[in-house]
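I opened my notebook to write down what I looked up in this structure. The entries follow in the order I made them.

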Amino acid sequence: MKLEDLKKIREKHQKDMILRDGDARVRVVVGMGTSGIAAGARETLRAFLEEIEKRNIADVIVTQAGERGLSSHEPIVTVLEKSKPNIVYGNVTADVARKIVAEHIVNGSPLSDYVLEVSE
Amino acid sequence: MKKRLDVLVCGGAACIASHSQDFKNRLIEVVKDHDLEDEINIIETGCMGPCELGPVMVVYPDGAFYIRLKPEYAQRIVEEHFLKGRPVEEFLWQAPEARKIVEEKRQIPFFEKQHKVVLENCGRIDPENLNEYIGNDGYQALARCLTEMTPDVVIDTVTSSGLRGRGGAGFPTGLKWKLARRSAGDVKYVVCNADEGDPGAFMDRAILEGDPHSVIEGMAISGFAVGASRGFVYVRAEYPLAVRRLRRALEQAREAGLLGESILESDFSFDLEIRIGAGAFVCGEETALMASVEGHRGMPSPKPPYPSEQGLWEKPTVINNVETLANLRHIILKGAEWFAAMGTAKSKGTKVFALSGNVTNTGLVEVPMGITLREIVYDVGGGIPGNKALKAVQTGGPSGGCIPAEHLDTPIDYESLAELGSIMGSGGLIVLDEDNCMVNMAKFFLEFCVEESCGQCSPCRIGLKQMLRVLERITRGEGRLEDLDDLERMAGTIKATSLCGLGQSAPNPVLSTLKYFRDEYEAHIREKRCPALVCTDLITYTILADKCTGCTACARKCPVNAISGEVKKIHVIDQGICIHCGACFEACKFDAIERR
């Protein structure tokens with residue numbers, strides 16, 4: 001092994017530690033209550049995970065939460081970003097999830113069509 | 001796919017003993033059943049510390065801390081928490097008011113006062129995965145030594161950090177290295193002393209099980225500093241899991257080229273071998289350890305020559321303890337000043353203690369030097385169960401001594417403990433409450449040393465045995481007041497004339513209990529009474545006539561038929577026949593038996 005290789009392994013695996021350190025830039029919270037799951041939240045969740053992996057984004061964690069009481073708009077996803085307002089999205093299918101990753105998380109512009117609520 | 005949950009199941013020896021593997025296997029099955037295996041990382045880690053509550057598991061990112069897990073809980077945890085994001089509160093630590101306490105692991109008082117440096121990775125990474133270690137800055141310190149530092153600079157850094165040997169004696173690590181580096185000769189060795197033998201101590205085991213690469217990296221750094229290309233890890237056979245994980249880690253490091261020829265393309269070559277000890281306590285003494293590594297009988301030899309001049313196969317040798325080695329990478333990466341900023345004037349950094357005895361949270365804790373015993377026992381340890389009064393804290397195992405409750409606010413470092421008549425030792429910390437008999441405790445440790453004496457020199461072999469006889473006599477109620485002076489006299493001679501550390505320190509528990517708890521010894525001798533009601537020969541059981549209902553429960557339980565009496569009449573214990581076993585006391589439902 002060369003010094004360079006050690007550095008590469010370190011960089012690659014450092015991002016795996018983000019879940020344990022809890023120091024993420026963005027937290028994506030997918031509503032995984034019964035109605036969320038019925039509306040396809042499992043696929044939404046997987047789409048987030050796949051897209052984030054594909055784009056090799058290190059500082060995002062994806063977690064789940066329960067019902068928000070707005071069943072007609074499930075799956076519901078909240079994007080929490082440090083020092084920015086929290087954005088709640090509704091009707092987040094797997095496709096929308098991929099768009100959220102590309103446009104909101106990477107480029108910083110929320111998808112206004114799907115926003116249900118903006119809160120501090 | 002990116003993982004969304006890191007599930008860390010403790011694989012420390014204590015959790016394995018409480019069947020954490022069964023739980024883990026069941027959890028893996030249930031996760032598979034729910035088709036979640038690509039989203040969830042299930043990792044078996046080293047010891048997390050709160051062994052009392054095992055098997056334990058932490059789920060990140062929320063940091064939910066599950067305790068006392070059973071295989072049948074797996075289904076609910078997966079369905080509720082892993083799938084729907086609702087931690088199962090009744091299985092969490094301190095349920096039901098768990099939620100806010102448990103959400104962040106660091107808010108649990110057990111962890112709050114701790115400062116994890118050496119144990120940073122233990123319970124946090126997968127010890128069998130080299131990549132996780134490297135992802136946490138693993139082998140970066142070695143890389144820095146090899147590319148940016150000279151051996152002398154490494155030694156200077158360790159010297160100015162103030163790191164002292166964590167095996168017990170507290171010898172400055174940098175100085176030890178300097179002496180070995182200065183010694184003449186091309187062939188030098190480094191040795192890791194993992195022969196952890198104090199009853200109740202398991203710091204080294206936890207580090208080897210939970211973060212074996214940190215010890216390997218530390219040894220490579222010390223090899224580079226002193227100019228050694230071979231090293232040995234001397235570890236006891238009673239630690240099979242530690243040996244297995246260390247072996248696995250060595251294979252990985254060799255495969256990756258982090259051990260072997262020209263490490264990281266430098267001109268430094270270094271490799272390690274494991275030597276398994278048969279579990280003799282004396283082999284933790286460095287000269288005995290070296291004899292054992294060489295294949296001889298593990299017996300100490302006189303010093304000088306010191307190992308730094310003539311050690312293994314008469315070559316200069318550096319012997320460092322596991323915890324000392326595990327500190328090194330942090331010192332190299334974060335700097336000597338960072339390390340020296342923790343602790344007291346003469347004792348820097350943190351210390352890992354194995355907390356046991358009569359305390360609520362037993363397990364492994366890492367605290368900054370200079371913390372008080374009170375903080376360890378009451379904040380980290382959660383106090384004494386049943387609100388009993390603390391009597392003393394025993395540090396340093398059979399080589400140490402006890403520190404009575406009135407000195408609980410002393411900041412802990414090597415010097416302050418020595419002043420109180422104890423030692424830092426390797427880190428065993430046993431909490432004793434009002435129900436512990438100090439004479440009996442001193443006898444226990446002395447018995448241990450008598451068993452473990454190698455028998456080579458007479459003060460230790462004969463002297464300790466004589467001291468034990470006197471103690472046995474006292475606990476049987478046959479002691480004389482002169483015995484106490486005799487004990488002190490013998491202890492002084494043994495300490496002054498024994499060849500090695502075992503004999504020189506074995507009388508310490510007797511001396512320190514005599515110093516602080518002489519009244520307990522005197523009660524055993526003058527009044528033939530054990531105040532803590534531990535020494536069975538001195539306990540008397542009598543039936544209180546006004547409370548006895550004549551139910552015959554005690555008479556039926558008595559194994560030697562010492563109790564006589566008819567149904568519904570008052571019973572009587574024949575003291576001549578009674579063997580003080582306490583069976584009647586346990587059997588009586590009317591508190592009619594008095595124990596004194």
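**Entry 1: domains of chain B**

I began with the domain assignment of chain B. It lists domain 1 (5-108), domain 2 (130-339), domain 3 (350-433), domain 4 (438-526) and domain 5 (540-595). I noted at once that the model is predicted.

Next I looked up domain 1 and domain 2 of chain B. Their centres, taken over C-alpha atoms, are 34 Å apart. Six residues of domain 1 of chain B and six residues of domain 2 of chain B make the contact. What kinds of residue does domain 1 of chain B bring to the side that touches domain 2 of chain B? I found three nonpolar, three polar and no charged.

**Entry 2: where chain A touches chain B**

I moved on to the two chains. Chain A gives 25 residues to the contact, and chain B gives 29 residues. Which elements of chain A supply at least two residues each to the side that touches chain B? I wrote down helix 1 (3-14), helix 2 (18-21), helix 4 (41-54) and strand 2 (60-65). Helix 1 of chain A has the largest share, with six residues. I then sorted the side of chain A that touches chain B by residue type. It holds 12 nonpolar, seven polar and six charged residues.

**Entry 3: the sheet of chain A**

I turned to the strands. In chain A, five strands make an open sheet. Their order is 2-1-3-4-5, and the pairing is mixed. Which strands lie at the edges? They are strand 2 and strand 5 (115-119) of chain A, and each pairs on one side only. Neighbouring strands of the sheet are turned by 20° against each other on average, direction ignored.

Strand 3 (residues 77-81) and strand 4 (residues 86-89) of chain A run antiparallel, with three bridges joining them. Opposite Thr78(A) I found Val88(A), in strand 4 of chain A.

**Entry 4: two helices of chain A**

My last entry is on helix packing. Two packed helices are described by the angle between their axes and the distance between the axes. I looked up both values for helix 4 and helix 5 (residues 94-106) of chain A. The axes come within 8 Å and cross at roughly 35°. The crossing of helix 4 of chain A with helix 5 of chain A is right-handed.

Which residues meet here? From helix 4 of chain A I listed Glu43(A), Thr44(A), Ala47(A), Phe48(A), Glu51(A) and Ile52(A). From helix 5 of chain A I listed Ala94(A), Ala97(A), Arg98(A) and Val101(A). The residues of this contact divide into six nonpolar, one polar and three charged.

Conventions: Residues are numbered from 1 along each chain as its sequence is written. Chains are lettered from A and ligands numbered from 1 in the order in which they are written. This is a predicted model: local features need pLDDT of at least 70, side-chain atom pairs count only at pLDDT 80 or more; totals for chains, interfaces and linings use all residues. Two residues are in contact if their C-beta atoms, placed from the backbone, lie within 7 Å. Helices (H or I, at least four residues) and strands (E, at least two) are DSSP runs, numbered from the N terminus. Ala, Val, Leu, Ile, Met, Phe, Trp, Tyr, Cys and Pro count as nonpolar, Asp, Glu, Lys and Arg as charged, and the others, Gly among them, as polar. Two strands pair if DSSP finds at least two bridges between them. Axes are lines fitted to C-alpha atoms, for helices over the stretch in contact, and angles run from 0 to 180 degrees between N-to-C directions. A crossing is left-handed if the near helix is turned anticlockwise from the far one by less than a right angle, and right-handed if clockwise. Domain bounds come from an automatic or database domain assignment.
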